[in-house]
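Work through these exercises with the model open beside you. Try each task before you read its solution.

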Amino acid sequence: MNENRENIFRGEPPVLFDNKENCCGCSACYAVCPARAIVMEADEEGFLYPEIIEEKCIRCARCLSVCAFKADQRAKGFLHTPA
Ligand code: SF4
Ligand code: SF4
């Protein structure tokens, strides 16, 4: 059971990324979220990254399954953190 499965099992929202190297800001998670619980926020350089609004999140995990960027990184052995 990885970290995010445990989060959802405990009733907590998932973690979309733990550092910016694990997110390209593609907004696929934002687009797929059925509860509109994800907003794309600009960092200090103007690049957009997703943030989950915890109160709106229904813990469906669709945002995790749609994230092709992490799947690609994992397949190439670049990502060693659970997603
Ligand atoms: S789908 Fe993945 S790579 Fe794309 S914005 Fe969401 S967390 Fe980042
Ligand atoms: S777990 Fe579901 S409701 Fe929560 S942010 Fe992800 S897609 Fe949206």
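Two residues are in contact if their C-beta atoms, placed from the backbone, lie within 7 Å. Keep that cut-off at hand. Note also that this is a predicted model.

**Exercise 1. Find what share of the contacts with a separation of 6 or more joins residues 24 or more positions apart.**

Solution. 
Step 1. Take the contacts in the protein with a separation of 6 or more.
Step 2. Pick out those between residues 24 or more positions apart. They account for 48%.

**Exercise 2. Describe the fold and say where confidence is lowest and highest.**

Solution. 
Step 1. Count the elements: the protein has four helices and two strands.
Step 2. Read along the sequence. The pattern is α-α-β-β-α-α.
Step 3. Check the confidence. The mean pLDDT is 87, and 88% of the residues reach 70 or more.
Step 4. Compare elements. α1 is lowest, with a mean of 70, while β1 is highest, at 98.
Step 5. Keep a caution in mind. Where pLDDT is low, predicted coordinates should not be read in detail.

**Exercise 3. Is Ala 42 buried or exposed? Find its bridge partner in β2.**

Solution. 
Step 1. Ala 42 has 10 other C-beta atoms within 10 Å, so it is exposed. The cut-off for exposed is 12 or fewer.
Step 2. Pair the strands. β1 and β2 (residues 48-52) run antiparallel over five bridges. Leu 48 is the bridge partner of Ala 42.
Step 3. List contacts, not counting residues up to four places away in sequence. Ala 42 touches Phe 47 and Leu 48.
Step 4. Inspect the hairpin of β1 and β2. Five residues lie between the strands, and Gly 46 takes a positive phi near 95°.

**Exercise 4. Which residues make up the largest nonpolar core?**

Solution. 
Step 1. In soluble globular proteins, nonpolar side chains tend to be buried together.
Step 2. List the ten residues of the core: Leu 16, Cys 23, Cys 29, Tyr 30, Cys 33, Ala 37, Ile 38, Cys 63, Leu 64 and Cys 67.
Step 3. Assign elements. α2 and α3 (62-65) each give two or more residues to this core.
Step 4. Follow Leu 16. Beyond its neighbours within four places in sequence, Leu 16 is in contact with Cys 23, Cys 29, Pro 50, Ile 52 and Cys 63.

**Exercise 5. How many residues surround ligand 1, and how many surround ligand 2?**

Solution. 
Step 1. Take ligand 1. It has 14 residues around it, the closest being Cys 23, Cys 26, Cys 29, Cys 67 and Phe 69. α2 (28-32) and α4 (68-75) each give two or more residues to this shell.
Step 2. Sort the ligand 1 shell by class: eleven nonpolar, two polar and one charged.
Step 3. Take ligand 2. It is surrounded by 14 residues, and the closest are Cys 33, Ala 35, Cys 57, Cys 60 and Cys 63.
Step 4. Sort the ligand 2 shell: twelve nonpolar, no polar and two charged.

Methods. Residues numbered from 1 in each chain as written. Chains lettered and ligands numbered in written order. Predicted model: local features only at pLDDT ≥ 70, side-chain atom pairs only at ≥ 80, totals over all residues. Near = placed C-beta within 6 Å. Nonpolar A, V, L, I, M, F, W, Y, C, P; charged D, E, K, R; others polar. Core = buried A, V, L, I, M, F, W, Y, C linked by C-beta atoms within 7 Å. Buried ≥ 20, exposed ≤ 12 C-beta atoms within 10 Å, placed from the backbone. Pairing = 2+ DSSP bridges. pLDDT = per-residue confidence, 0-100.
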